[in-house]
Amino acid sequence: MQEPPSYDVKTIDRRLFDFMLHTPKWFFTTSAGLLTVFGAGFVVFISMLYFGLQFLGYSHPVYWGFLIVNFVFWIGISHAGVFVSAVLRLTQAEFRRPVTRAAEVVTIFSLQAAVLFPLIHSGRPWRTAYWAFPYDFIRGMWPNPRSPLVWDPSAIFTYLISTILFVYVALLPDLALARDRAEDPVRRWVFTVLALGFRGTSRQWRIQAIAGILLSAIILPIFVSVHSIVSWDFAVTSVPGWHNTVFAPYFVIGAVHSGVSAVVTAMIVMKWAFKLDGYITADHIDALARVLIAVATGWLFLLFLDFSFGLYGEESAEVDTWMQRIYGGAWPVLAPIFIITSYIIPVPLWLIKSVRRSFGWMFVTTILVNIGMWLERYMLVIPALERKSSLTFTYSEYIPSISEGILVLASFAFVIVGVLAFCKVLPVMPAADIREGALLSTELKIGRRSVPATLRE
Amino acid sequence: MASPEPAALAIKLRPSWKPKGLQVSNSNVVFAGLGLLAALGLVMLILRIVSSGDDRASWAYPTAFFMWTLSTFATAPLVAYVTRLTRGYWGYPIRRLAALWSIPALFSYLILLPSLATLPSLDGRASLWFGFRFGVPGFADALTIGFMFVTGAALMWLTSIPDLASGDVRLKSPITRSLLMNWRGTTKQWLLIRSASKYLGAFYVMLLAIGTTQVTTDMGQSLIPGWRSGIFPLYHIVTGFQAGVAVIIVTTYLLQKFSPNIRPFIGQEQAVNLGRLLLAFTLLDFYFFWADYVLIWYAGLPSEIAAMQVLIADVYRIPFIAGAFGIFVIPFFAIIFNPVRRRLWALALISTIIIIGNFFDRVRLFVPAMSNEKVFGHGPLSPLPGVVWPNVSDILFIVGWAALMAFVYLAVARRIPAISGWEMREGAMLRQETHFERGHIMLLAKPE
């Protein structure tokens with residue numbers, strides 16, 4: 001694989017810190033538009049507080065609608081950060097360098113977006129605070145450790161805190177660089193505090209590198225456990241269509257599929273927006289596309305297992321749920337769209353090298369993947385509730401409301417604004433990592449050819 | 001500090017160097033001993049076919065043995081494929097010795113066929129075939145697994161051609177020349193080998209996944225009413241990957257210890273990287289087991305609980321505990337320590353425990369299934385069946401067939417070099433030790 005061209009240190013610093021120091025006009029217009037969408041979502045939320053959850057279209061038997069679908073979707077997107085950052089760091093994949101910061105930042109904001117949805121879904125979010133703090137131990141009430149709704153916040157907040165720590169440790173050299181380049185005294189003071197006295201001594205570099213590797217190893221089980229626990233919100237119940245042991249790995253691999261696709265989308269947008277040619281090259285998206293082929297094929301196998309073992313016992317309630325997922329309501333149209341956008345279009349295209357190395361094609365295919373994966377979560381959650389009871393007179397069709405759609409768009413706006421704000425304050429790529437990559441890349445002469453090579457300890 | 005390299009790479013492979021078939025001291029004695037036991041295994045198979053007819057219970061332990069070979073020897077060649085796909089530099093010396101296991105695995109097909117013939121009708125019980133009845137499950141399972149074994153053997157053969165075609169191919173017999181693709185080492189032939197090995201490898205993985213799903217369901221889950229687990233085929237595959245890596249480690253250690261022409265190529269980097277793979281799969285094993293168990297425990301459905309009582313908690317508790325210790329407890333608490341992962345002999349010891357643990361795990365999964373008489377209905381299974389212990393004939397069968405696997409491997413390794421010559425040369429070209437700052441460092445080339 002070709003390594004990025006080796007820019008000198010000054011060029012790397014100037015390019016990566018450019019957006020922090022100079023604000024283009026599109027930043028203001030884009031932020032204004034996104035904040036408008038977010039504001040619309042906030043208005044819907046306030047309306048929901050006033051009118052109740054029926055404002056969002058919820059009623060018997062489907063009480064988990066778009067809000068929970070979005071919760072699962074954003075948890076899935078958040079898996080990209082750890083996969084790209086930790087797994088590729090531990091396997092010493094050189095193509096990770098420009099990608100890690102973007103992936104980690106998408107993780108942080110998508111996790112926050114995910115956490116918002118159960119709070120909104122409670123209808124009275126402030127009650128979740130005073131139910132939990134202080135907990136009613138005096139009257140003999142204890143948290144129920146058997147409930148996935150206790151496992152969920154434990155896992156998600158552990159993941160959020162460890163990701164923030166992970167990002168922060170990787171940020172330390174860049175914070176030090178920002179401190180040294182800042183002209184504004186307020187900025188300099190802020191970066192001085194955040195940089196924790198990082199001066200680039202050998203001992204500090206060694207500790208920073210070891211901390212990064214240790215955190216990468218520690219965060220991996222958390223990464224697997226988070227979406228497994230979210231999957232168990234569904235699977236440990238006896239609801240037909242949900243009670244399947246394959247849910248945990250199915251959710252995790254689906255999360256990696258949608259998350260890495262989202263990171264590729266974000267990288268391509270960043271390359272165009274921040275003019276990072278030479279940092280994000282065709283080699284990077286080519287490598288990520290190959291990873292996506294393997295992950296997507298694994299996901300398809302797990303979908304096949306879910307489908308097969310759902311119908312395996314030939315229980316009427318399970319069969320009804322799967323028939324609803326394929327033939328009921330709008331699913332004769334949505335089900336083919338789901339499978340076509342998640343796998344049938346993207347993966348065969350990714351097998352073609354010119355497509356993998358084309359930014360336009362990769363942008364389109366990764367967007368399609370996330371449309372398909374959102375539909376997949378919708379397909380998982382809603383039809384099972386529409387056929388939850390074995391009493392057929394309780395069967396119903398769920399119709400999403402416009403207010404829910406606005407909340408979905410608002411969540412996307414929230415994440416994009418968060419990422420933009422981060423990029424405005426801190427460098428969008430790890431400058432130290434990029435410098436290290438440039439330093440370690442070289443060429444090896446084999447016969448008449450010069451082959452890209454990496455220095456490795 | 002550069003990690004220590006195998007001696008052969010450090011001094012660069014000489015142009016005149018050619019890989020040779022396995023040479024082990026006192027190998028004829030070992031070979032003869034294994035051959036006798038292998039013959040015993042074949043005799044036990046024939047006796048079983050003749051005497052038991054379609055009595056499914058008598059094929060319980062042979063089926064468990066087959067599932068064990070599917071997990072161990074059939075999965076070992078994947079290490080070769082994956083390191084080739086990911087261009088893992090440490091994998092060059094072990095790729096051929098991993099791929100060679102596809103030939104012994106092929107022999108285990110002889111156990112599968114008579115076992116499949118004893119499966120009962122699909123009517124009245126859960127199955128993956130739903131309403132389809134033509135050729136299922138026996139013919140369909142045999143076809144998929146057969147294709148898988150043939151693909152593995154073809155992959156091994158294809159990647160051995162450059163080494164086997166030493167000397168002038170034109171002088172060999174027509175059959176040999178066509179089997180060796182009239183190998184002359186042209187660019188086109190090299191490109192063909194590379195592409196074919198990539199696609200055959202992917203096909204092998206696909207067939208392993210689908211074949212495992214089929215046989216573990218038809219010879220496992222569908223024979224115990226109430227046992228419904230979507231993750232079970234995946235659990236079988238992942239524990240198989242762990243056992244496959246364990247087989248590679250044991251093979252590497254034994255060949256490195258007893259074969260002078262293998263020894264120079266195996267170094268600490270193989271141990272460290274195989275150890276990491278083993279640790280990763282050990283953790284994954286626990287994850288898949290837990291994902292299965294927690295759901296069934298939590299939901300508490302009577303039919304599923306009864307199945308779990310047979311497989312874990314009650315009837316086959318002893319093999320379950322033995323399997324759990326062998327697959328997870330002992331390996332995890334050993335491999336997390338760096339000194340263990342750096343020493344090939346320590347990894348080989350742990351790997352042996354894993355291979356034995358994997359066998360017990362297959363016993364507790366497939367012996368109750370194949371010996372269960374009440375296969376119809378959807379559960380719960382009541383009363384629970386009793387444990388079926390192995391008799392002398394089963395033990396002789398297992399010992400004989402295990403020896404046959406080793407015997408076939410050694411026989412093949414004598415003819416096909418266990419170290420891939422062309423890949424070792426490629427690896428030597430793509431790496432160099434060089435100075436960096438005040439130390440030495442490795443330069444790794446990764447051509448497209």
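Of the 448 residues in chain B, 47% count as buried, where a residue is buried if 20 or more other C-beta atoms lie within 10 Å of its own, exposed if 12 or fewer, and partly exposed in between, with C-beta atoms placed from the backbone. For the 457 residues of chain A, the buried share is 45%. This is a predicted model, in which local features need pLDDT of at least 70, side-chain atom pairs count only at pLDDT 80 or more, and totals for chains, interfaces and linings use all residues. Residues are numbered from 1 along each chain as its sequence is written, while chains are lettered from A and ligands numbered from 1 in the order in which they are written.

**Overall build of the chains**

- Chain A has 17 helices and two strands, and chain B has 18 helices and two strands; helices (H or I, at least four residues) and strands (E, at least two) are DSSP runs, numbered from the N terminus.
- The C-alpha trace of chain A spans about 70 × 60 × 45 Å along its principal axes, and that of chain B spans about 70 × 55 × 45 Å.
- The radius of gyration of chain A is 23 Å, which agrees with the value near 23 Å for a compact globule of 457 residues. This radius is taken over C-alpha atoms, and the globule rule is 2.2 Å times the number of residues to the power 0.38.
- For chain B, with 448 residues, the rule gives a radius near 22 Å, and the 23 Å of the model agrees.
- In chain A, 80% of the contacts between residues at least 6 apart in sequence join residues at least 24 apart; two residues are in contact if their C-beta atoms, placed from the backbone, lie within 7 Å.
- In chain B, residues 24 or more positions apart account for 84% of the contacts with a separation of 6 or more.

**The nonpolar core**

- The largest nonpolar core holds 244 residues; such a core is a set of buried Ala, Val, Leu, Ile, Met, Phe, Trp, Tyr and Cys residues joined through C-beta atoms within 7 Å.
- The members that touch the most other members are Ala102(A), Val106(A), Val260(A), Val263(A), Leu100(B), Val245(B) and Ile249(B).
- Helix α3 (residues 66–90) of chain A supplies the largest share of this core, 16 residues.
- Leaving aside neighbours within four places in sequence, Val245(B) is in contact with Val79(B), Leu274(B), Leu277(B), Leu278(B) and Phe281(B).

**Where the chains meet**

- Chain B gives 30 residues to the contact, and chain A gives 31 residues.
- On the side of chain B that touches chain A, the elements giving two or more residues are α11 (232–258), α12 (268–299), β1 (431–436) and β2 (439–445) of chain B.
- Helix α12(B) gives the most to this side, with six residues.
- By class, this side of chain B has 22 nonpolar, four polar and four charged residues. Here Ala, Val, Leu, Ile, Met, Phe, Trp, Tyr, Cys and Pro count as nonpolar, Asp, Glu, Lys and Arg as charged, and the others, Gly among them, as polar.

**Strands**

- Strand β2 (residues 449–456) of chain A pairs with β2(B) in the antiparallel sense over four bridges; two strands pair if DSSP finds at least two bridges between them.
- The bridge partner of Ala453(A) in β2(B) is Ala445(B).
- Within chain A, strand β1 (residues 441–446) and β2(A) pair in the antiparallel sense over six bridges, and Leu444(A) has Val451(A) as its bridge partner in β2(A).
- β1(A) and β2(A) form a hairpin with two residues between them, and Gly447(A) in the turn has a positive phi of about 65°.

**Backbone details**

- The peptide bond from Val136(B) to Pro137(B) is cis, with omega near -5°; Pro137(B) is in the loop between α7 (109–117) and α8 (138–164) of chain B.
- Another cis peptide bond joins Ser382(B) and Pro383(B), with omega about -5°; Pro383(B) is in the loop between α16 (344–371) and α17 (392–415) of chain B.
- Lys275(A) is not a glycine, yet its phi is positive, near 55°. Lys275(A) counts as partly exposed because it has 13 C-beta neighbours inside 10 Å.
- Arg87(B), also not a glycine, has a positive phi of about 50°, and Arg87(B) is partly exposed, with 15 other C-beta atoms within 10 Å.
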